[in-house]
Amino acid sequence: MTRNGKSNGASSNGGKGNSDVRWFGQKLKRKEDPRLIKGISHYTDDFKPAGMLHCAFTRSPHAHAQIKSIRIDAARALPGVVAVFTAEDTTGIGPVPCAIQMPDLKVPSHPVLATGRVRYVGEPVAVIVAEDLYTARDAAELVEVDYEPLPVVTDMEKALGKDTPHVHEEFKSNQAFTHSLKNGDVDAAFKKADRIVKQRMINQRLAPIAMETRGVLAEYLPGENRLTVWSSTQIPHLLKTQISLLVGLPETAVRVIAPEVGGGFGSKLNVYGEEGIVPWLAMKLGRPVKWAETRRENFLATIHGRDTINYVELALKKNGTILGLRARILADLGAYHQLLTPLIPQLTALMHAGCYKIPAIQIDIVGVFTNKMSTDAYRGAGRPEATYNVERIMDIAAHELGMDAAEFRLKNFPQPNEFPYTTITGLTYDSAKYQESLKKALKLAEYDNLRRRQKTGLKEGKYYGVGVSTYVEICAIGPSAATPAGGWESGTVRIEPTGKVTLLTGASPHGQGEETTFAQLIADELGIDPQDVNVVHGDTMAVPYGIGTFGSRATAVGGTAAYMAAQKLKAKMSTLAAHLLGVKPADITIGRGRLTADGGKKSILFGDLVLSAYTARNIPPGFEPGMEATHFFEPSNFTFPFGCHICSVEVDAETGEVKIDKYVAVDDCGNVINPMLVNGQIHGGIAQGLGQAMWEELIYNDDGQLLTGTLMDYALPKAHCLPEFTLGSTVTPSPVNPMGVKGVGEAGTIASTPCAVNAVCDALAHLGVRHIEMPLKPERVWRAIRQAQSSGPKSESTKSKPPAKATSNARRPRA
Amino acid sequence: MKKKITININGVQRSAEVEPRLLLVHFLRENAALTGTHIGCETSLCGACTVLMDGRAVKSCTVLAVQADGRSVTTVEGLATGDQLHPLQDGFWEEHGLQCGFCTPGMIMCSHDLLDRQPNPSDSDIRQALNGNVCRCTGYQNIVAAVRNASRKMSKPVAARAGAR
């Protein structure tokens, strides 16, 4: 509702005059949508400052090669070309930063343009600046690079072997780091186990594919010494700091603007070489310069996700009680470290307790260099990998013990009264009711009916499967002690003299809808309408330093910062109101549009109070004029949303095709500000997780060429591929923040991948199929069926030990 | 080398001398300054650049501007009448059919073509019709609901629609 009474769609109640309405929890239509649906919003590529030049990159066609020479004459001679630069010109910029420090971490030098060698296909070698885009791209083709190809390593297990090429000669090894997490008596757990269940599993390499590719536009005004950079980023403030370091300007001269950002999914939680080069070009050439990434570049040179090989073992008692978990994980990092590359596998280690009571655990991770693009944070960032390992091995264990998948899980959950629950990996889960969530999902999915259909189906030769996945994830990242660059967030609430409210948030939404949800929560606190709250984000000159949007943190950390700032402002409002009304601040009640005391006998209009704070003619002694408050919120812990997803599938035994015919998700992300937006996050998350399970895969061949590097080859889920999702929820507020919120951005992606794979393996278990590697393409499923039919049921589980380390001749299994 | 073309864009005649290789999407974004049509892949695979050419959905990244000479093109900017949103725009807003918004103009224009051909599509029809458009945020469910919502509104008589606002 706006002040002139025009409806803007709180779907249930909520209008002026209804003083009881609370915006928190309302299905309010998004404030950001009108500009987006009209096509009048501005993404980075939509800006065109006067005199702007375009740039394009010449990129390496080789995965590993020595650069013998680069000839730029032809490119430079093309009419319309303004400049061509190679590494010898850009030695003053960079290096591309990595924020992670670990004791044995090998950090290769990572120049913004390839220097001497190229180490992955797509590595930038030269940059061309031209008057128009077409000319820039033509010229990029005219740069002649003489390469001497070098041996390539793309298989991470081979990369750790003896006779292997090294991605970085100076390290004399492709091992980038090791990381171990051990707690409890793991050896004893495995010794006394009645049963040990083991599985090797691959978490394939994925492309984040934000629909808006990356883009950078920079303009430099030498008189003002002001560099303005528009970048499609999730972290404008961190980027501002890094750009100042990359190009050597004082940070006060750099302004970063994240305008409309068309999706990120972690791929824009980074600092890329292009974000150093483009500003440098603008400074050097004295004209604005823009680079809009092509989709082909996006596949080759924007970070990838996942790519781990996992050896997982579970020690069990006969009755299904878990005694211990052991995992050895190889993580393919690609050729260089991007901002958080080595951190992601560590998050995987941390989340291996899942939502289960596991008395002993050991996770050993080896990070490996290969001649590929870097891996880094992709939606879920380490947690999907952990959840996949845990949920797959739970399902395999249940099958081997002849227990129902749901029953097995129920047996190993901590009880609600055990929270806060300290896991064997050292985390403190804030709050949860895993049992309630699972039972609700079973009911919603009509689980018993699905199992009945599965049985009767078999008689008719139909293969139905049911997949269960119970997950917990780590959100609201996070306490600063656990993050590389601060885990807090900032919020500033300013009531302008006219009574309109500006909220400045350090979070940097790019589709999540915080312009709406943050307005809802501030509106409740100040007793005003959400339409009167303007949420400003993504401009480092307007907003106090912040961290950004990733790790499902915006609401739980950024929202809480805004909430806390509002509390400070309320105290200030009460002080002034008390002064004006002649009462004590404690007597003031902030209501809708009015502050009252003495049970309503004394009151002042919100607008009058605010104006008097600015006119400042009648303020109490020591009262600071104006109406603004800032809070930097440091969370005391992560939050741990959880839930249960169940899906049912039918597998065509003749073709291997999988049809997901039902998908039920029960998620608990604590208190919910806007259920419509939460559901949207879950829908999208499920689609991405199913994308990994069913279709998506970045495949590099042995020469390091990316074979699935276009949208024709990389199979993203389309509308007709997906079922209608049925959502349910439970609400377990988090005690970590005053609003009791947890975060929901990644939940769907984390839960859905193992859910689908569990369902397909469940459908084929009667044949002896135990595991099929993702994505579950018909060919793979068909092969698994044929293989099982020809060899009969078999079990990998024994009481023997796993290989102590991967052998160099180990190969990716053929599914 | 350059060729003079005239394209009617959202009801306005625009003439320009263009290179034969200029893509329609670049003409729309650069020459006509209509940046609501987005570029997601330049290979006609993502659908973000979908516009209507003579009423039919085309991917403007694989249509040359010269091919649109003498034709009429509608972009997302041409849908609303002043403050009055097109029912499809309204549908996307009401059903939360968008998150980052980047694919949205293409989704809306493709759906426009669908509803023109088939005013009352089933969910399955909608999903099939959108199979050339990629959304990475929504999981499509609310996009399907948005098109359904618009279809409902558009099948009502105009007077009833105005009254319902």
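**View 1. The two domains of chain B in the predicted model.** The domain assignment of chain B divides this chain into domain 1, covering residues 3-77, and domain 2, covering residues 87-164. In this predicted model, the C-alpha centres of domain 1 of chain B and domain 2 of chain B are 22 Å apart. Where the two domains touch, 15 residues come from domain 1 of chain B and 13 residues from domain 2 of chain B.

**View 2. The side of domain 1 of chain B that touches domain 2 of chain B.** Two elements of chain B, β3 (50-53) and β4 (56-59), each give two or more residues to this side of domain 1. The largest share, three residues, is that of β3(B). Sorted by class, the residues on this side of domain 1 of chain B comprise seven nonpolar, seven polar and one charged.

**View 3. The contact between chain B and chain A.** Chain B brings 42 residues to this contact, and chain A brings 43 residues. On the side of chain B that touches chain A, the elements that supply two or more residues are α2 (87-94), α3 (104-117), α4 (123-129) and α5 (141-155) of chain B. The residues on this side of chain B fall into 21 nonpolar, 16 polar and five charged.

**View 4. Chain A as a whole.** The secondary structure of chain A consists of 19 helices and 28 strands, and the C-alpha atoms of this chain fill a box of roughly 90 × 70 × 45 Å along the principal axes. Of the 815 residues of chain A, 57% count as buried. Among the contacts in chain A with a separation of 6 or more, 79% are between residues 24 or more positions apart.

**View 5. The packing of helices α15 and α16 in chain A.** Helix α15 (residues 554-581) of chain A packs against helix α16 (residues 606-615) of chain A at an angle of about 95 degrees, and the axes of these two helices are 10 Å apart. Because angles of 65 to 115 degrees count as roughly perpendicular, α15(A) is described as roughly perpendicular to α16(A). On α15(A), the residues that take part are Met573(A), Leu576(A), Ala577(A) and Leu580(A), and these meet Leu609(A), Ser612(A) and Ala613(A) of α16(A). By class, the contact of α15(A) with α16(A) contains six nonpolar residues, one polar residue and no charged residues.

Technical notes
Residues numbered from 1 in each chain as written. Chains lettered and ligands numbered in written order. Predicted model: local features only at pLDDT ≥ 70, side-chain atom pairs only at ≥ 80, totals over all residues. Helix = DSSP H or I, 4+ residues; strand = E, 2+ residues; numbered from the N terminus. Buried ≥ 20, exposed ≤ 12 C-beta atoms within 10 Å, placed from the backbone. Contact = placed C-beta atoms within 7 Å. Nonpolar A, V, L, I, M, F, W, Y, C, P; charged D, E, K, R; others polar. Domains from an automatic or database assignment. Axes fitted to C-alpha atoms, helices over the stretch in contact; angles between N-to-C directions. Parallel < 35°, antiparallel > 145°, perpendicular 65-115°, else oblique.
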